[in-house]
Amino acid sequence: MQEKEYWREGMDAKRFALCVKSKLWVILAAALAGALFAGGIYLIVRQLTMGEPQYRAEVMFSIGYDIQEEDETLKAFINEYNAYTWGDMMKSDRIILPVMEAVPDASREVIENSITTDIVSDPEFLTVGFVTNREELSNQIAVAYIGSMAAFGETMQGRGLVSIEAWKSTPAVKVIPQNRVLYAAELGAVIGLIFGTLFLAGRYILDDSVLLESDLQKKYDIPVLGYRTTAPEAYFNAQLSANLMQMAKERAFCEVQLKELENPEIDYETLKEAPIVLFVEWGTPCLRRLSHVLEVLKIQKVSLLGIVITEADNRFLTAYYSIRKEKKG
């Protein structure tokens, strides 16, 4: 009954697939739970951090440049000017001071913080948004900037600019914060899926319950005589009967259940009278439990001829050993 270092054995992929097949719902449940949890947390955080309502007015400015098609230097200047400096220029004293005069209820900080700029593909158009917590204030700032930007454009004539005028003006509307609950739910589902898969894999690795004869043969030098299935299965029943009959021809033996050997009142002297065949129930939750019993039998000098796995799942075994049943009729 010498034990082997079975941790060096590779994983039985078919055994793993059959064991987890009926537990795939755990992965799906983990993915669903992850999606609901992440989506719920996102909605709670979004609601708590949303703050007071915001209103955005928008103005598209048309910027006229004094440029000739062959003037590459001025073209480069226009692209750089539009791409990097318009947001800062609109906060400079030359532009913002007239706006502050037109909107005395708003501080400079409020006005500056309200500005967002966007350069479209055409450098002659600049889109500016004005966002505040009051619809009327956003509209007032937008109107004030229309006048201030036009006046600023006039002062820049002869220095590359011809004019700045409002091309399109959109009244303030309530800003609807972007709702990314679906993205949060998807991320939660992926995380749940990963954790569910790792949970099943970890549970399989830690599970050393008795299912197959290989579970015993890779650990103990004890012959496994066969399976006794819960439902009638001719293939396994025939093999087990043949093996038991052959052993009976060679020597007398007695059949002993694993549970009987775990009884503290067991009479080992009686067990020594004849070799035993040990019946181990399918799914015995731990090989260490069996190891302890086998070690005691060894110490007590009880002869063990072999092991039979009882209450075995015939559907599992049929799938694992790829046994084809003959069709009746």
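In which loop is the place of Met-90? Met-90 sits in the loop between helix H4 (86-89) and helix H5 (93-102). The model that shows this is predicted. Met-90 counts as buried, because its relative accessibility is 0% and buried means under 20%. Its contacts, leaving aside neighbours within four places in sequence, include Phe-61, Ile-95, Ile-115, Leu-126, Phe-130 and Tyr-145. Met-149 is also in contact with Met-90.

Now step back to the chain as a whole. The protein chain has 329 residues, and 36% of them are buried. Its secondary structure comes to 14 helices and eight strands. Take the contacts between residues at least 6 apart in sequence: 76% of them join residues at least 24 apart. The accessible surface comes to about 20200 Å². Carbon and sulfur atoms account for 56% of that surface.

Part of the surface is a nonpolar patch. Phe-37, Ile-41, Ile-44, Val-45 and Leu-48 form it, with about 530 Å² of accessible area together. Leu-48 belongs to helix H2, which covers residues 24-49. Leu-48 counts as exposed because its relative accessibility is 69%, and exposed means over 50%.

Helix H10 comes next. It runs over residues 234-250, 17 residues in total. From first C-alpha to last it reaches 24 Å, close to the 24 Å expected at 1.5 Å a residue. Which residues of H10 are buried? They are Phe-236, Leu-240, Leu-244 and Met-247. These four lie on the same side of H10, because they cover an arc of only 60° around the axis.

Glu-311 lies in strand E8. Its phi is near 55°, a positive value in a residue other than glycine. Glu-311 counts as partly exposed, because its relative accessibility is 46%. Lys-301 lies in the loop between helix H13 (287-299) and E8. The phi of Lys-301 is near 60°, again positive in a residue other than glycine. Lys-301 counts as exposed at 68% relative accessibility.

Last come the charged pairs. Side chains of opposite charge can pair when their charged atoms come close. How many salt bridges does the count come to? It comes to six. One of them joins Arg-108 and Asp-93, at 2.7 Å from N to O. This pair links distant parts of the chain: Arg-108 is in helix H6 (residues 108-114) and Asp-93 is in helix H5, 15 residues apart. Arg-108 is partly exposed, with a relative accessible area of 28%. Asp-93 counts as partly exposed at 41%. Asp-93, Arg-108 and Glu-112 are linked in a network of salt bridges.

Glu-58 forms a salt bridge with Arg-56, and the closest N and O atoms are 2.8 Å apart. Glu-58 is partly exposed at 30%, and Arg-56 is partly exposed at 26%. Glu-269 pairs with Lys-272 in a salt bridge, with the closest N and O atoms 3.3 Å apart. Glu-269 is exposed at 53%, whereas Lys-272 is partly exposed at 37%.

Conventions. Residues are numbered from 1 along each chain as its sequence is written. This is a predicted model: local features need pLDDT of at least 70, side-chain atom pairs count only at pLDDT 80 or more; totals for chains, interfaces and linings use all residues. Side-chain values use heavy atoms; hydrogens and water are left out. Patches are made of residues with over 30% relative accessible area and no salt bridge: like charges are joined within 9 Å, nonpolar side chains (Val, Leu, Ile, Met, Phe, Trp, Tyr) within 5 Å. Accessible areas come from the Shrake-Rupley method with a 1.4 Å probe; for residues, only the protein chains shown count as cover. A salt bridge is a side-chain nitrogen of Lys or Arg within 4 Å of a carboxyl oxygen of Asp or Glu. Helices (H or I, at least four residues) and strands (E, at least two) are DSSP runs, numbered from the N terminus. Buried means under 20% relative accessible area, exposed over 50%, partly exposed in between (1.4 Å probe, protein chains only). The expected span of a helix is 1.5 Å times one less than its number of residues. The arc is that of the directions from the helix axis to the C-beta atoms. Contact means heavy atoms within 4.5 Å.
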